[in-house]
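Open your viewer and get ready to select residues by number. Each stop on this tour tells you what to pick and what you will find there.

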Amino acid sequence: MKINLILTPEQEPATLLAMQAQHADNFFYLGKESQLAGTNVLLLDAPDLVAKFQRPMSFDSRIVKSPIVGDVVHQIAFQSKEHNDELIKQLVPNHAILAQNSNGKADFMLWTFWPNHDALADFLASELFAQMKHLMKNPYTTSYSRVTSESQLSLTQQMRDFDDKTW
C-alpha cells in the first residue's frame, strides 16, 4: 500500500473537508496539536487523490493494522538503527501503519490512530511505546486531530501544548 503525506496542502479548507467526506476511509485531513499549528493530509492508497496535490511525500507500507479509524493521530518519524525496524514491526499497536520512505532509505513513519486523547495518553505512557521508542533512531513525534470542520482551524482554539490537563 502506498502512503502519501502532504505537508501544508495548498487547497482551501472547505475543499479538503469535502475531499475527506467523499473518501473518509483513506483521506485524513489533520490539524497539528501544537504551537506550530498547521495542517497536513495523509492519503492511504489513493493515487487519484495524490495527483491533486503538489509535493506529496511517498511511503511504502511495511505493516498495516486495520481498521484505520480514530480522530487522534500520533505520528513518529524515525530512522532505523541496524535492523530494528523488524523488531518495531512486532510492537506496532492496533489501528496503525508503519511505512518506509519510498526511496528505500532507513527513514520510517509510524502513524497510530486513537479514538480520543485519553487513549493516546495511555499508549504514550505504556511499556510498549517505551520499547518502540528505544529501538528508534532520532524519533520525532507530532500529534494531530482529524479536522472535521473549519472551526477547528481557528486561531482561537487552544493548542494542546498549553493545556496541562490533557497530557
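Which residues of α3 are buried? Select Asn84, Asp85, Ile88 and Leu91: these are the buried residues of α3. Here buried means under 20% relative accessible area, exposed means over 50%, and partly exposed is in between (1.4 Å probe, protein chains only). The four cover an arc of only 110 degrees around the axis, which puts them on the same side of α3. That arc is the one made by the directions from the helix axis to the C-beta atoms. Now show what covers them: the cover includes β5, β6 (96-101), β7, α5 and β8.

**Before you go on**

This is a predicted model: local features need pLDDT of at least 70, side-chain atom pairs count only at pLDDT 80 or more, and totals for chains, interfaces and linings use all residues. Residues are numbered from 1 along each chain as its sequence is written, and side-chain values use heavy atoms, with hydrogens and water left out.

**Stop 1: the whole protein**

Zoom out and colour by secondary structure. The protein has five helices and eight strands. Helices (H or I, at least four residues) and strands (E, at least two) are DSSP runs, numbered from the N terminus. Follow the chain from the N terminus, and the elements run β-α-β-β-α-β-β-α-β-β-α-α-β. The radius of gyration is 16 Å, close to the 15 Å that the globule rule gives for 167 residues, so the protein is as compact as a globular protein of that length. That radius is taken over C-alpha atoms, and the rule is 2.2 Å times the number of residues to the power 0.38.

Along the principal axes, the C-alpha atoms fill a box of roughly 45 × 40 × 25 Å. Buried residues make up 46% of the 167 residues. Take the contacts between residues at least 6 apart in sequence: 74% of them join residues at least 24 apart. Contact means heavy atoms within 4.5 Å.

The accessible surface comes to about 8,900 Å², and 51% of it belongs to carbon and sulfur atoms. Such areas come from the Shrake-Rupley method with a 1.4 Å probe; for residues, only the protein chains shown count as cover.

**Stop 2: helix α1**

Select residues 13-22, which form helix α1. Leu16, Leu17, Met19 and Gln20 are buried there. They cover an arc of only 160 degrees around the axis, which puts them on the same side of α1. Turn to the other side of α1: Ala21 and Gln22 are exposed. What covers the buried residues of α1 includes β2 (27-32), β3 (39-44), α2 (47-50) and β8 (136-146).

**Stop 3: helix α5**

Which residues of α5 (127-135) are buried? Phe129, Met132 and Leu135 are. Seen down the axis of α5, the buried residues fall within an arc of 125 degrees, so they line one face of the helix. Glu127 and His134, on the other side of α5, are exposed. The buried residues of α5 pack against β5, α3 (84-91), β7 (107-114), α4 (117-124) and β8.

**Stop 4: the loop between β4 and β5**

Select Pro67, which lies in the loop between β4 and β5. A cis peptide bond joins Ser66 and Pro67, with omega about 0 degrees.

Next, pick Asp71 in the loop between β4 (57-65) and β5 (72-80). With 44% relative accessibility, Asp71 counts as partly exposed. Leave aside its neighbours within four places in sequence, and Asp71 is in contact with Trp114, Pro115, Tyr144, Ser145 and Arg146. Draw a distance from Asp71 to Lys89, 18 residues apart along the chain: their C-alpha atoms are separated by 23 Å.

**Stop 5: two positive phi angles**

Find Asp45 in the loop between β3 and α2. Phi of Asp45 is near 50 degrees, a positive value in a residue other than glycine. Asp45 is partly exposed, with a relative accessible area of 44%.

Asn138 is found in strand β8. Although Asn138 is not a glycine, it has a positive phi of about 55 degrees. Is Asn138 buried or exposed? Asn138 is exposed, with a relative accessible area of 54%.

**Last stop: Thr142**

Stay in strand β8 and select Thr142. Thr142 is buried, with a relative accessible area of 13%. Not counting residues up to four places away in sequence, Thr142 touches Lys32, Val73, His74 and Gln75.
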